[in-house]
Amino acid sequence: MSIGVTKGVALRGVTGHLVEIECHVGPGLPAFELGGLPDRALRQAPQRVRAAALSAGAPIGSRQITINLSPASIPKQGTGFDLGLAIAVYAAVDVVPATAVRPVAHLAELGLDGRLRHVTGVLPAVLAAQRAGCEHVVVAPEDVAEAGLVDGMRVSTAESLGELVAAYRALRRGGRLEPAAARAARGDGTPSPAVDLADVSGQHEARSALMLAAAGGHHLLLNGPPGSGKTMLAERLVTILPTLTREQALESLAVRSLLGEVPTTGLDLQPPFVAPHHSASLASLVGGGSGAVLPGAVSQAHHGVLFLDEAAEFGASVLQALRQPLESGQVVIARARERVVYPARAQLVLAANPCPCGEGYGKGLSCTCRPTQRRAYAARLRGPLLDRVDIQVQVPKVSLADLNEAPPDSSAAVAERVRQAREAQRRRWEPLGWQLNGQVPGPVLRRRPWRLPSAATASLDRALELGQVTVRGYDRVLRLAWSSADLHGRTAPAAEDVGLALMYRTQGAVAA
Ligand SMILES: Nc1ncnc2c1ncn2[C@@H]1O[C@H](COP(=O)(O)OP(=O)(O)OP(=O)(O)O)[C@@H](O)[C@H]1O
Ligand SMILES: [Mg+2]
Ligand SMILES: [Zn+2]
């Protein structure tokens, strides 16, 4: 009896399991059987493996081959097992040394010509392999850089199955499987951001709103006429947020790996900025789809910023569907036979025009919309998602005087203030399980020991009595006031912090 064993990885979403590929080759009628819950693509692997083996010059021939993928209870998907299957067969018939291939995870598709081909999800697969104690992977040449992002993992590659088999065979003569040479630059340094907050002239209120949002992790709505700089501001939020830890950057990149979108330039520690178009489908925003369950924009923005430009143009059902992921920090997609969980800890920035014509109404503004049009427009935004948005700020047209002003603070300077404010929050909330003011439930802030003296909350209390804010709005103002205090180095919000927060709450024309 001949048995060959090697490893592969079963991925479900970004969660991976190291799988043992166990091959038994025996006498009997020619067959190639695959057990252990393979999906359709995987069930077709035997054809690819046979063709690739023929091209490699080491045909499998007419033997009875039985492969089990264990643990058998985990569903296995895709074409990434191809290489592992081939190597397990070769180990079973002693074409390659069984002991050498046993601990190695093989993650590549096989072309009919024997070439090792790219698969999606290499990064989460290698991370899973590492967590399971595996120290060596073999991937296609295109995937070497991606696999190499994982610390301490030995990565090998080969152009073709034939080349890999030759390398394994050479081990018997004292050769070694060369680590892949073409590693990408591991660039831990964040590449200097191409955009900077200093590019934005004027817009003092919006700039300080952006800083507050960054400091406390608050969702933000920018409301203003076309061309006032809303998109510019939103893009610059990631330049003032703290850089990611290596672990966070890998988590975030693992999601994009499933979409085949990992850059080869090394690990970028700047938080991701994801800006889906308003014509985007629900599935591409939240995740899912009719075929494979792919992650959506909200998961691609994990640990970063999700920007919805022209937010009123997104369908109400789409905005509504974002609410739950943003609250829980994850997306759960349940299908008949599977349940996939994607991370989705993203900060939301919405941009909107004040009305359909974009000019805005009120003193000195030249809106040409009918009141009914304006109301219908505002109503589209005012759904449940806006409940979660702590800051609404007006972004007016830029004046000539604004453009001629001295350049404002750079991203680096603002980022440092944000960092200090976050440090203060961490010290305060960590014992209670939060990191940022934006995560603290309102009632907590209304109770001791966090309750503020009435001298500090006088303006807010009055607004509540006059019906200018709801109780929910009251809580959001408190959260924001804490962020303002943290940015100013105060141990608790003073009347001016509450006043500032209240302004960001009530000035928005979209919803008070
Ligand atoms: N405050 C500003 N400071 C410097 N340049 C600005 C400012 N506002 C706008 N601009 C210039 O105008 C261009 C358009 O700005 P941006 O796209 O950010 O506006 P917007 O508010 O998003 O408009 P729209 O509603 O049409 O999307 C920018 O690329 C920039 O060159
Ligand atoms: Mg824009
Ligand atoms: Zn108008």
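Q: Which residues does H302 touch, not counting residues up to four places away in sequence?
A: H302 touches E251, S252, P272, P343, A344 and R345, where contact means heavy atoms within 4.5 Å. This is a predicted model, in which local features need pLDDT of at least 70, side-chain atom pairs count only at pLDDT 80 or more, and totals for chains, interfaces and linings use all residues. Residues are numbered from 1 along each chain as its sequence is written, chains are lettered from A and ligands numbered from 1 in the order in which they are written, and side-chain values use heavy atoms, with hydrogens and water left out.

Q: Why is H302 called buried?
A: The relative accessible area of H302 is 4%. Buried means under 20%, exposed over 50% and partly exposed in between (1.4 Å probe, protein chains only), so H302 counts as buried.

Q: What makes the pair of H302 and R345 a polar contact?
A: A polar atom of the H302 side chain lies 3.0 Å from the backbone nitrogen of R345. The limit is 3.5 Å between N or O atoms; within protein, one must be able to donate a hydrogen and the other to accept it, and residues adjacent in sequence count only if both atoms are side-chain atoms. The value of 3.0 Å therefore falls within that limit.

Q: Where is H302 found?
A: H302 is in the loop between helix 12 (297–300) and strand 14 (305–308). Helices (H or I, at least four residues) and strands (E, at least two) are DSSP runs, numbered from the N terminus.

Q: How do you know that strand 14 and strand 17 pair?
A: Strands pair if DSSP finds at least two bridges between them. Strand 14 and strand 17 have four bridges, in the parallel sense, and therefore count as a pair.

Q: What joins strand 10 to strand 17?
A: Four bridges join strand 10 (residues 219–223) to strand 17, and the two run parallel. In strand 17, V349 is the bridge partner of L220, and A352 is that of N223.

Q: Why do strand 11 and strand 18 stand at the edges?
A: The open sheet has five strands in the order 11-14-17-10-18, with parallel pairing. Strand 11 (273–274) and strand 18 (389–394) each have a single partner strand, so one side of each is left without a neighbour in the sheet.

Q: What makes strand 17 mostly covered?
A: Six of its six residues are buried. Q347, V349 and A351 point one way from strand 17, while L348, L350 and A352 point the other way, and all are buried.

Q: What makes the arrangement around the zinc ion (ligand 3) tetrahedral?
A: Four donors count as tetrahedral if all angles lie between 85 and 135 degrees; four count as square planar and six as octahedral if opposite donors are over 155 degrees apart and all others between 65 and 115, and anything else is irregular. The four donor atoms here subtend angles of 103 to 115°, so the arrangement is tetrahedral.

Q: How do you know which atoms are donors of the zinc ion (ligand 3)?
A: Donors are N, O and S atoms within 2.8 Å of the metal (3.2 Å for Na, K and Ca); water is not among the atoms, so sites may look incomplete. The SG atoms of C355, C357, C367 and C369 coordinate the ion at 2.2 to 2.4 Å, so these atoms count as donors. Along the chain, the donors follow the spacing C-x1-C-x9-C-x1-C. C355 and C367 both lie in the loop between strand 17 (347–352) and helix 14 (371–381), so the pair ties together parts that are 12 residues apart in sequence. Both of these cysteines are buried.

Q: Why does S228 count as buried?
A: S228 has 3% relative accessibility, so it counts as buried. S228 is found in the loop between strand 10 and helix 9 (230–236). The side chain of S228 reaches the backbone oxygen of V395 at 3.2 Å. Leaving out residues up to four places away in sequence, S228 touches Q203, V395, P396, K397 and V398.

Q: Why does L480 count as buried?
A: The relative accessibility of L480 is 1%, so L480 counts as buried. L480 is found in helix 19 (residues 471–487). The C-alpha atoms of L480 and A213 are separated by 8.5 Å, although these residues are 267 residues apart along the chain.
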